[in-house]
Amino acid sequence: MDKIIYLDHASTTPADAEVVTAMLPWHSEQFGNPSTVYSLGLTAAHAVQVAREAIAKAIGADADEIYFTSGGTESDDWAILGTAEAQQKKGRHLITSTIEHHAVLESMEYLEKHGYEITRVAVDGGGLVDLESVRRAIRPDTILVSVMHANNEVGTIQPIAEIGKITREAGVLFHVDAVQTAGKLPLDVEALGVDMLSVSAHNLYGPKGIGLLYLRKRTRISPLFHGGGQEKGRRAGTHNVPGIMGMAKAFELAGARMGGDADREAALRDRLWQGLSGDIEAIYLNGDPVRRLPNNLNVRLDGIEGEAMILMLDMEGICVSSGSACTTGSLEPSHVLLAMGIPAEHAHGSLRVTLGRGTTAEDIDHFIKVFPPIVSRLREMSPVWCANCACKQRN
Ligand SMILES: Cc1ncc(COP(=O)(O)O)c(C=O)c1O
């Protein structure tokens, strides 16, 4: 098997060839530092400003509300830790959901260790945050609500505009991790009612190591990085000019292709689910069946470990992910699946397949062909799978 079938676009996407071309001149021809005052630097500064304006327009923001960062993790950390520091006189209570990315959850845990109180709003069986729970969790000392736009594991899309209405009425800042939706769904910070929004370029066919935090005008948050006066003194560090150029090109391409990509990927995703569910017994869909990203299929299979499926698919040249994360040598089931009420033994048997621009119908048909025999082989070896038992391992 020579060709790699890449079905892990939620992890990262290949940089588009046009993105790479747009970045090239800014490495060694136009290499000036945008903070300098001679013409080489001014050329770079001008290009950064043009990119900033284009990116701002793509999400309904003003250019001076865009702050370039190193990616989604930094943007999430900055929004949360920066708010906590700047707003601590108002209060020390923050609200998030149980299914956030680790960048959000661990920033919240860090704050908890430093005297802040965190409320983690539960989700339903499809991974959807309940609006009333958010409303009820808000207190006079609440300084931030942080809920992701779409979940990176199960693809569930949250009712962000509705949460934005609640936070606005309550006068509480609202941060949204949009790493999984930028470039896939239309984003408009006004319509969504958000004050801060995180984006990472490598999830939208841009380069790695560049992202942004949208910060609504007059939102008070403390800087995370201290040093030079870049980004109006709020995010120090020499600008990643090639990265910014690449991210601007990635936004431009996404704007032109978004609707078509989504329809095509959703049709292939549905074809995959139909093929697998028709051929494999005891396979279930994880996440909301309707409110989900067009490219995401997350399934769980009784009697098998996600990691075993990944390794066997890798031998077939297919890249996918599991819902589990391997941390410190022990296999922990996904916190997202557990939060959705899926028991640990079932959460272990999950597989995330995320399609992208390069995915073809042939790729999907190949997957449908090679996966069922892998499942059969693994179940034959499984100590918890009994093929003739109607109850399977559920009892
Ligand atoms: C939802 C979400 N938030 C944050 C991140 C972290 O982004 P980065 O890899 O740019 O640090 C990711 C990574 O894919 C993600 O899926």
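Guide: A crossing is called right-handed if the near helix is turned clockwise from the far one by less than a right angle, and left-handed if anticlockwise. The model to which this convention is applied here is predicted.

Visitor: Which hand has the crossing of helix 9 and helix 13?
Guide: The two elements are helix 9 (residues 241-279) and helix 13 (residues 361-381), whose axes come within 10 Å. Under the clockwise convention, the crossing of helix 9 and helix 13 is right-handed.

Visitor: How are helix 9 and helix 13 oriented to each other, roughly parallel or roughly antiparallel?
Guide: Their axes cross at roughly 20°. Angles under 35 degrees count as roughly parallel. Helix 9 and helix 13 are therefore roughly parallel.

Visitor: How many charged residues belong to the contact of helix 9 with helix 13?
Guide: From helix 9 the contact includes R271 and D279, and from helix 13 it includes D365. The contact residues divide into 9 nonpolar and 1 polar, and the number charged is 3.

Visitor: How many nonpolar residues are in the contact of helix 3 with helix 9?
Guide: Helix 3 (residues 39-58) packs against helix 9 at an angle of about 30°, with the axes 9 Å apart, and the crossing is left-handed. A44, A47, V48, A51, I55 and A58 in helix 3 meet V241, I244, M245, M247, A248 and F251 in helix 9. No polar and no charged residues take part, and the nonpolar count is 12.

Visitor: How do helix 4 and helix 5 run, roughly parallel or roughly antiparallel?
Guide: The axes of helix 4 (residues 72-86) and helix 5 (residues 102-113) come within 9 Å and cross at roughly 30°, and helix 4 passes helix 5 in a right-handed crossing. Because angles under 35 degrees count as roughly parallel, helix 4 and helix 5 are roughly parallel.

Visitor: How many polar residues does the contact of helix 4 with helix 5 hold?
Guide: T73 and D76 of helix 4 are among the residues in this contact, as are S107 and Y110 of helix 5. The division is 8 nonpolar and 2 charged, with a polar count of 2.

Methods. Residues are numbered from 1 along each chain as its sequence is written. This is a predicted model: local features need pLDDT of at least 70, side-chain atom pairs count only at pLDDT 80 or more; totals for chains, interfaces and linings use all residues. Side-chain values use heavy atoms; hydrogens and water are left out. Axes are lines fitted to C-alpha atoms, for helices over the stretch in contact, and angles run from 0 to 180 degrees between N-to-C directions. Helices (H or I, at least four residues) and strands (E, at least two) are DSSP runs, numbered from the N terminus. Angles under 35 degrees count as roughly parallel, over 145 as roughly antiparallel, 65 to 115 as roughly perpendicular and the rest as oblique. Contact means heavy atoms within 4.5 Å. Ala, Val, Leu, Ile, Met, Phe, Trp, Tyr, Cys and Pro count as nonpolar, Asp, Glu, Lys and Arg as charged, and the others, Gly among them, as polar.
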